[in-house]
Amino acid sequence: MAAISALLLVLSTTCSVRALTRVFRVPEGPSPARIGDIANTDNLTSVAGCAQLSSLRYSLISQEDGHHLLFKVNETTGDFATVVALDRENITACAFLSECPLHVSVAVQSAIGTCFQKVSVVVILIDVNDNAPQFAQPIVRRELYENAPVGSEMSLPLAHDRDANTVFQIHSYSLSPSSSPFSLVYTRLQDGSVSLMLRLSAILDRETTSEYSLHVTAFDGGRPPRSGDVLVIVAVQDINDNAPHFTEDEYQVSVPENSKIGSTVFFLSATDLDFDQNGVIAYDFANPKQEAVTKHFLVDPKAGSITIKGSLENEGGNVFNFSVLVTDGGNPVLSSEARVVISVLDTGNNRPQIIIQLLFSESGSATVSESAVVGRVVALVTARDSDPGDNGKVHCSSKDVNFRLVLHESEYKVVVAMPLDREQIALHKVTIICQDGGTPPLKSSKLLLVKVLDSNDNSPQFLQPQYIMYAQENNNNVPVFIGQVSANDNDAGQNAEISYTIPESMNNTVIIEETSGKVFVNKTLDREHIAQYTIHVVASDHGSPPRTGQSLIILKVNDQNDNSPGFLNVSYAFYIKENVSPDSFVGLFVAKDEDEGINGEVSYYLKIVSETDSFPFRLLPNGSLVSAGSLDYEQKDMYHFEVFASDHGIPTHSASASVTVFVLDENDHRPRITFPTIDNNSVSVSHTAGAGTRIAVIQGHDADTGVNGQLLYSISVNNTSDLFLVDADAGVISLKRTLLSSEITTYELLITVSDRGTPALSAQAVLVVVVSFDDQLSDGYVKIVVAIVCVTLLLAVGVTVVVCFLRHTDKQNIRHGAITRNNFFSQCMNSLKSSRRHLKDAKQRPGIIVLGESNRFSKKTVTFKTNSPKGEKKNGSVKCENCKYQILKKAAGRVCSRCGTEEFNSRQMGESMNRSADVWFTSRHEVSSPGDSLQLENDDCLRHSEITV
């Protein structure tokens, strides 16, 4: 009971009704072919239930459009497959669709239950390039008069491709042979339609070529492309541009006087190269009024035969000489004439009878190979004459230079007299003439036709010694049609059939159709790798053995802008001296682009990196870098920027390189001395210092570098001999030997500092070396010094009062123009001399002048101290007469003639003195008392002035 209940439960199970769809994408193609599996349809398991999936059965549902007949489904597995070939072009619903959906339905139901489901199957049939272009007719005929102007056009039918995908539609047309006087004009109009015209590109001549057989080939866009041909036959219509011509300018014949009326004497022969009515010819007498001729002879207008019209009895031995006329049927009528000479023979014997026997024949003509050797027998000729005596003796000959008659026993052999060439003359008309020995002699003639059979003695000849073809590089869609070659073979039959090949050395880069000679590029080209291919193409005929001809295909690869310019270096370093003139050459950039034409033309430009000031370089079109501004090594010794090279192609490609320009130093700066200076130019040394004592270090620097900045130190002026020594490299000034007591004084050394440049530059400064006593003094000297100081102070007070009064008076005089500059200095000098005399009278000891600087108000202070130099002692005192002490101070105003510095002027001097000093200075300065101080402005000048205490 439990089993029965379970069975009933299964049988009562039903599938839920839900729409299921299965889509397959299938390219059209042959059958049978499995497409897919219906059992794997999404959600089919969930709808039917896993328990029933193995029991499902599948079947196609019939439908009115009949699409279900194209497919089949496996009843148990659900495999879905085609029954017949799916040809999209033969399915009405798919005629214009590149992807055509075919709808069928599959019934899915359980074999053990009531489950039923309908699956909609959509088969999307995808178009493939399985149809070649086709023309509606295999042959198209066109007519064109031979006098049609160049440029005339005739419409041609378009080809159609049944494939629906636009890629597989017709993309191009070609015309062959290329040697024809026609070309194709393929135009796409604005409305989307296209037209195909056959254009006349050369003058026609029907008599040379009356008909052209052209092959127009349509190519679709498939890979490889499919093509379809149509034969276009262009018939050249005749115009009456040729007059008829007789085959002979003069006809000489003989006729026996006993000839019957109506018998034919001979046939006139004329030809007209024109066609149809223009080529229809008619014969007649040129002068119909020649009764003597027209009485005996008649000309047939159509056949051209001359027959006997009247009896020739009693005309034996006479000669009829007349002209005949031939005219054509054109408009206007064209004509030509020939002479006819008919000799009437006196009859008394019989003509020879000629019998020709052929060895090899074809259609009644003897045959011989064009390769036959001279002497080969073509036919046998027998001449019979039943007359007795000389009247029966016959001699035969031929006027054809290609054949001759050779007597052999009682008959003649017709043999080859010279090499034959079928391509020159394919059919020889050999006239055999046999004449007896009678008086008059009688002769007979008979025509022997000899057909020359072809031998493979001509190699195929290309129409051009070389073909120039072009192909674009980076041609990814291969094969690509690039042109066609053509060759002719003057032989006949299979000896003239030609096949085209390209050597295997091309590695399938360029291929050729064996029969048509169409050339294709079969690989992607790279012009920079190979810019031009030289291809040997071979044309072989089908003779045995085959003969070949060769030509060249020059394939030029057109350039695309697929390469960027490249600099020879990724970075450049150039060197240039400072202070060069503008447009001085710095360096040259060279960038190469492997492309050609404008794609390979390179232009240069600069990109300046972080340059705030004006950039001192510019770039010329040829890549030369030149200076454009001033260069100063001391301001900037290196420039870094980028140079770019850009081609002229579309799109533009460019490349860059980094550039560093180093500015080289030149000796354009003089050394600068930082010690001694105008403000700090003195040093002191103890009189007890020994040899080698370091006195001072000359300090200087040069803004140049290298040897231009290396300094040399020297003493140019030394006011003593062999006392001071300077280290040329370090600038250290030292004592060369121990000082003598007589050498205790102040020395003024002219220091020269020069660089090592070429030429060398230098600077000078004055160093004041003061040789002084030691500070240790005896008690006696201390007392003397105190006394001198006291006396000096008293004198200073008096002098100060006098000076102040004089200064006040002079100032008033200067304002009112009372005194001149010379007066001013003269009074100052007198005042100072008076003070000096006063000091001498008081036997005041001389003091030492020390120059010090204070930073306040930028003033200079000169202080006079009672630090007396070591002198000659006499009675406990130091005698020093006319001791002079010099000071150096910064100059202002004019240039000093002694030291080259600027000198003060009188106005500055007068206004800048510190009134509290109450001392006037002239070119020789004197102070009234030791310890006095003078505060002088920066513009005051005491350089080279002498101050005496």
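These are my notebook entries on what I looked up in this predicted model.

**Ground rules**

I number residues from 1 along each chain as its sequence is written, and I use heavy atoms for side-chain values, leaving out hydrogens and water. Since the model is predicted, local features need pLDDT of at least 70 and side-chain atom pairs count only at pLDDT 80 or more, while totals for chains, interfaces and linings use all residues.

**Entry: a sheet**

I started with a sheet. Strands here are DSSP runs (E, at least two residues), numbered from the N terminus, and helices are runs of H or I with at least four residues. Two strands pair if DSSP finds at least two bridges between them. Strands of a sheet pair through backbone hydrogen bonds, either parallel or antiparallel.

I found an open sheet of four strands in the order 24-27-30-29, and its pairing is antiparallel. Which strands stand at the edges? They are strand 24 (353–358) and strand 29 (403–408). Each has a single partner strand, so one side of each is left without a neighbour in the sheet. From one strand to the next, the twist averages 30 degrees. For such angles, axes are lines fitted to C-alpha atoms, for helices over the stretch in contact, and the angles run from 0 to 180 degrees between N-to-C directions.

Next I looked at one pairing within this sheet. Strand 27 (residues 377–384) and strand 30 (residues 411–416) run antiparallel and are joined by four bridges. A379 stands opposite V414 in strand 30.

**Entry: disulfides**

A disulfide is a covalent bond between the sulfur atoms of two cysteines. I counted a pair of cysteine sulfur atoms within 2.5 Å as a disulfide. How many are there by this rule? The count comes to two.

I took C94 and C100 to begin with. Their sulfur atoms are 1.8 Å apart. The link of C94 and C100 is left-handed, with -70 degrees about the S-S bond. Buried or exposed? I used these cut-offs: buried is under 20% relative accessible area, exposed is over 50%, and partly exposed is in between (1.4 Å probe, protein chains only). C94 is buried at 0%, and C100 is buried at 1%.

Then I turned to C396 and C434. Their sulfur atoms are 2.0 Å apart. The link of C396 and C434 is right-handed, with 110 degrees about the S-S bond. This pair links distant parts of the chain, 38 residues apart: C396 is in strand 28 (residues 394–398) and C434 is in strand 31 (residues 427–436). Both C396 and C434 are buried.

**Entry: backbone details**

I looked up cis peptide bonds. One joins F675 and P676, with omega about 0 degrees. P676 lies in the loop between strand 51 (672–675) and strand 52 (682–686). The bond from T758 to P759 is also cis, with omega near -5 degrees. P759 is in the loop between strand 58 (746–755) and strand 59 (762–772).

I also looked up positive phi values in residues other than glycine. N474 has phi near 60 degrees. N474 sits in the loop between strand 34 (466–472) and strand 35 (480–484), and is partly exposed, with 29% relative accessible area. N579 has phi near 65 degrees. Where is N579? The residue is in the loop between strand 43 (571–577) and strand 44 (585–588). N579 is partly exposed, at 45%.

**Entry: aromatic rings**

Rings of Phe, Tyr and Trp (its six-membered ring) pair if their centres lie within 6.5 Å; planes under 30 degrees apart count as stacked, over 60 as edge-to-face and the rest as tilted. The structure holds 29 aromatic pairs.

F246 and Y283 form a tilted pair, 6.1 Å centre to centre, with 50 degrees between the planes. The two link distant parts of the chain, 37 residues apart: F246 is in strand 15 (residues 245–246) and Y283 is in strand 19 (residues 281–285). F246 is buried at 10%, and Y283 is buried at 5%.

Y572 and F589 form an edge-to-face pair, 5.0 Å centre to centre, with 85 degrees between the planes. Y572 is in strand 43, and F589 is in the loop between strand 44 and strand 45 (591–592), 17 residues apart. Y572 is buried at 9%, and F589 is buried at 0%. One aromatic cluster is formed by F567, Y572, F574, F589 and Y604.
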